[in-house]
Amino acid sequence: MDYNAYFASELTRLKDEGNYRVFADLERHRGQYPAATWRGDGGERDVTIWCSNDYLGMGQHPVVIEAMHGALDSYGAGAGGTRNISGTTHAHVLLERELAGLHGKEDALLFTSGYVSNWAALGTLASKVPGMVVLSDALNHASMIEGIRHSRAKCVVWKHNDLSDLEAKLQALPVDAPKMIAFESVYSMDGDIAPIREICDLAERYGAMTYLDEVHAVGLYGPRGGGVAEREGLMDRLTVIEGTLGKAFGVVGGYIAASRELCDFVRSFASGFIFTTALPPAVAAGAAASIRHLKTSSAERERQQQVVAEVRARLDAIGIPHLPNPSHIIPVMVGDPVKCKFISDMLLRDYGIYIQPINYPTVPKGTERLRITPSPVHSPEDVNRLIGALSDLWRQCELARRPMAAQ
């Protein structure tokens with residue numbers, strides 16, 4: 001078999017379908033986010049980023065930068081290896097304390113990414129608890145799906161955010177079977193939010209654990225940034241809260257927060273924790289500083305909500321279709337992979353606006369979109385340029401607008 005020829009043919013197919021992914025060569029400017037430099041075939045140009053998961057701009061915040069510089073000077077660059085072999089840097093201990101306190105849990109456990117924390121924690125819990133059945137929301141993230149698959153435990157998929165279907169699936173299981181309901185708070189592609197309270201009610205009624213992924217909510221919701229569960233006063237009813245340090249907290253890493261026994265159990269059995277080099281101490285210190293700041297400052301969250309509302313209203317005014325939802329994520333619907341890629345390319349090349357196209361398999365075919373994530377550091381001028389550019393390109397591509405818009 002000519003392996004390279006096969007690889008090339010599959011890549012050509014992706015390109016023909018409009019689903020080939022191109023990574024933009026970007027250089028963010030410290031202290032000037034969302035400004036960045038893009039390096040393309042035609043040279044360099046200044047651009048504005050509109051699709052980052054650094055939702056609050058904390059990756060550029062002076063408090064975070066200062067903490068990372070201090071830790072680098074104190075500890076050096078790396079952690080020295082796995083925590084199992086090389087020991088735990090004190091910065092990791094302090095960060096886990098911050099995370100446990102943020103979620104009102106006894107303990108927390110750090111991982112190298114949110115993907116790994118889901119894969120390792122779900123995979124370990126589902127495989128090590130005898131007879132465990134995992135009830136997984138149909139739109140759960142790939143990391144959750146992979147963790148459940150890796151466990152080889154029985155998995156029952158329930159319709160997205162459908163409480164009736166979840167209860168029917170719970171009722172069909174043996175009363176004494178160990179069960180775990182795995183779901184997210186904010187779903188990152190459509191921006192909808194799970195009915196957490198009602199899911200907890202069902203979990204308690206049927207004796208199930210709950211595993212809540214809050215990666216797109218921590219830092220953003222709740223009076224201290226503890227996520228949607230904190231905002232709704234539900235953290236104490238959840239068995240495991242999983243989160244990331246790589247989105248609203250602006251750094252990198254993942255974690256779970258739970259009881260002391262559960263965290264110790266995962267620490268002791270999860271290969272994705274035991275055999276992985278620990279996060280650099282400077283990253284841990286930066287994350288802890290970000291969490292501490294957002295526990296006491298609501299200014300970033302309030303400003304972000306204002307910009308989100310403004311962008312939604314401006315899109316409505318010109319008829320650009322976007323999915324309504326109660327979160328900070330604005331999915332602008334294109335519905336065609338080639339046009340979605342074309343609009344993304346033109347935004348970058350002609351308008352200096354970076355929004356990555358979201359095509360299959362990330363979203364179902366026919367629902368291709370531009371995923372916009374307004375931040376507190378986007379200015380009114382940034383918003384004006386975005387809306388003007390989208391209006392121009394919608395006209396060029398002859399895409400439908402909402403009929404209620406004032407043209």
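Does R260 count as buried, partly exposed or exposed, and at what relative accessibility? R260 counts as partly exposed, because its relative accessibility is 48%; the class covers values between buried (under 20% relative accessible area) and exposed (over 50%), with a 1.4 Å probe and protein chains only.

The structure is a predicted model, in which local features need pLDDT of at least 70 and side-chain atom pairs count only at pLDDT 80 or more, while totals for chains, interfaces and linings use all residues. Residues are numbered from 1 along each chain as its sequence is written, and side-chain values use heavy atoms, with hydrogens and water left out.

Side chains of opposite charge can pair when their charged atoms come close. One of the salt bridges joins the side chains of R260 and E106, at 3.9 Å from N to O. R260 belongs to helix α10 (residues 260-269) and E106 to the loop between α4 (90-103) and β4 (107-111), so this pair ties together parts that are 154 residues apart in sequence. Helices (H or I, at least four residues) and strands (E, at least two) are DSSP runs, numbered from the N terminus. E106 is also partly exposed, at 46% relative accessibility.

A salt bridge also links the side chains of R28 and D54, with an N to O distance of 3.2 Å. Because R28 is in strand β1 (residues 26-28) and D54 is in the loop between β3 (43-49) and α2 (62-75), the pair ties together parts 26 residues apart in sequence. R28 is partly exposed at 33% relative accessibility, whereas D54 is buried at 6%.

The side chains of E204 and R237 meet at 2.9 Å, N to O, in a further salt bridge. Here helix α8 (residues 196-206) holds E204, and the loop between α9 (228-231) and β9 (240-244) holds R237, so parts 33 residues apart in sequence are tied together. R237 is partly exposed, with a relative accessibility of 22%. E10, R13 and E17 are linked in a network of salt bridges.

A nonpolar core is a set of buried Ala, Val, Leu, Ile, Met, Phe, Trp, Tyr and Cys residues joined through side-chain atoms within 4.5 Å. The largest has 56 residues, of which L95, I181, F183, I196 and L245 touch the most other members. Beyond its neighbours within four places in sequence, L245 is in contact (heavy atoms within 4.5 Å) with residues including L95, L110, Y255 and I291. Another core, of 35 residues, lies apart from the largest one and has I343, I372, V383 and L390 among its members.

Notes: A salt bridge is a side-chain nitrogen of Lys or Arg within 4 Å of a carboxyl oxygen of Asp or Glu.
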